[in-house]
Amino acid sequence: MKVLGIESSCDETAASVVQDGRILLSNVVNSQIDIHALYGGVVPEIAARSHIEVVNPVINQALTDANLTWDDIDAIAVTYAPGLIGSLLVGTLAARTLAVLKNKPLYPIHHVEAHVYANFLNERAPEFPMLALIVSGGHSQLVLFRDHGDYELLGQTQDDAVGEAFDKVAKIIGLPYPGGPSIAKAALEGDPTAFKLPKAKLSGKYDFSFSGLKTAVLRAVQREVGVDFTFPSHDLPGLLNDVQRANFAASFQRTAIETLVDTTARAFHDYSPKSVVIAGGVAANQELRRILSDRLPIQIDYAPMNLCTDNGAMIATLGYYYAQKMPPINPNDLEVIPSLSMTKTAWSKS
Ligand code: KG4
Ligand code: ZN
């Protein structure tokens, strides 16, 4: 079964064809990062307009790259939640229209759940029960999957997502958007023990919190350059030299990663899963991969970097497994949901 996956929930317009939820036939991603970098973050209205401009060419390119025509496509899968409403609308309207015109079954896909499915394209597919650490710009959660569509949310962030913390700390220390890759790069030159930063203590055994860590970095930067909290934060980066910047990047990154790894290790020992996967944009972080592999007594297979950030392949892959268990949706009934926990999707039991 060949599924066309369409993704447009944030600032990437993406389409991909995946066969039987295992074989990647094409993967086209049009990133708007350059446009939004000018503003230091995603501007929703600009994102939606940019999706409109490229959604058709991106879909056509996915078919061309896979060497397929519409006759070869068995189904369409599209992100319907969560995300920016204007962005979601463009992808879902394209998918709904094509489902009617080309007479293909249509499957609605939850973006965060789909991130986990990038790992099913690895050479070795994950086995259930599978512990998933989902870490993106909008989510930080630990989920135990017992089977496809059968999972339990063990814990989640109580405030900022970890990717959001990377983006905000990058801004504080004067590194470009998106913050994750620029902090990871700067950290290579820095000393992760240069600044002692706090790890949040929470009542939920598998919960996270990153807002305090971000504020701790801000206070440490102010102390380091000798100003108080009344000093305008957008002028702070100009007072840091490159060594200080790299040390802050490395210290923040180390603390954020240790928080994620400590909690994942706790869940691993409590639930003894057969596989562990990481998913979402922050899963591209090499230091996170290294420290997690060191800590857990299990071999972890990591998805390629380009399948960790937003893409259509993860949507097509989950679309395949979803289609094995669920009927397609009537294209006229598909509505976008900007905010929706993955435990509230149509096929989840929790
Ligand atoms: O999954 P994603 O592409 O979009 C969302 O669904 O949120 O994740 C984007 C997030 C951003 O916060 C970005 O800074 C972060 O992933 N990110 C990284 C790295 N690459 C992307 N964070 C840490 N290290 C990286 N190498
Ligand atoms: Zn994402």
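Let's start at the zinc ion, ligand 2. In this predicted model, three residues coordinate the zinc: H111 through NE2, H115 through NE2, and D310 through OD. The distances run from 2.0 to 2.1 Å. Along the chain, the donors follow the spacing H-x3-H-x194-D.

H111 and H115 both sit in helix α4, residues 111–117. They are four residues apart, about one turn of the helix. An α-helix has 3.6 residues a turn, so residues three or four places apart point the same way. Are these histidines buried or exposed? H111 is buried, at 9% relative accessible area. H115 is buried as well, at 2%. The cut-off for buried is under 20%.

Next, helix α7. This helix covers residues 211–225, 15 residues in total. From first C-alpha to last, α7 reaches 22 Å. That is close to the 21 Å expected at 1.5 Å a residue. Which residues of α7 are buried? They are L213, K214, A216, V217, L218, A220, V221, Q222 and V225. Note that K214 is on that list; we will come back to K214. What do the buried residues pack against? Helices α5 and α8, the latter spanning 242–271. Just after α7 comes G226, with a positive phi of about 75°.

Now α5, residues 162–173, and one lysine in it: K168. K168 counts as partly exposed, because its relative accessibility is 31%. Set aside the neighbours within four places in sequence, and K168 is in contact with D160 and K214. The side chains of K168 and D160 are joined by a polar contact of 3.3 Å. D160, E164, K168 and K214 are linked in a network of salt bridges.

Side chains of opposite charge can pair when their charged atoms come close.

Take K199 as the example. E258 forms a salt bridge with K199, with the closest N and O atoms 3.2 Å apart. E258 lies in helix α8 and K199 in the loop between α6 (179–187) and α7, so this pair ties together parts that are 59 residues apart in sequence. D262 also forms a salt bridge with K199, and here the closest N and O atoms are 3.2 Å apart. This pair links distant parts of the chain too: D262 is in helix α8, K199 in the loop between α6 and α7, 63 residues apart.

How accessible are these three? K199 is partly exposed, at 33% relative accessible area. E258 counts as partly exposed at 27%. D262 is partly exposed at 21%.

Last, a pair within one helix. The side chains of R290 and E287 meet in a salt bridge, 2.8 Å from N to O. Both residues lie in helix α9, residues 286–295. They are three residues apart, about one turn of the helix. R290 is partly exposed, with a relative accessible area of 41%.

Methods
Residues numbered from 1 in each chain as written. Chains lettered and ligands numbered in written order. Predicted model: local features only at pLDDT ≥ 70, side-chain atom pairs only at ≥ 80, totals over all residues. Heavy atoms only, no water. Helix = DSSP H or I, 4+ residues; strand = E, 2+ residues; numbered from the N terminus. Buried < 20%, exposed > 50% of the residue type's maximum accessible area, 1.4 Å probe, protein only. Contact = heavy atoms within 4.5 Å. Polar contact = N/O pair within 3.5 Å; in protein donor to acceptor, adjacent residues only side chain to side chain. Expected span 1.5 Å × (residues − 1). Donors = N, O, S within 2.8 Å, 3.2 Å for Na, K, Ca; no water. Salt bridge = Lys/Arg side-chain N within 4 Å of Asp/Glu carboxyl O.
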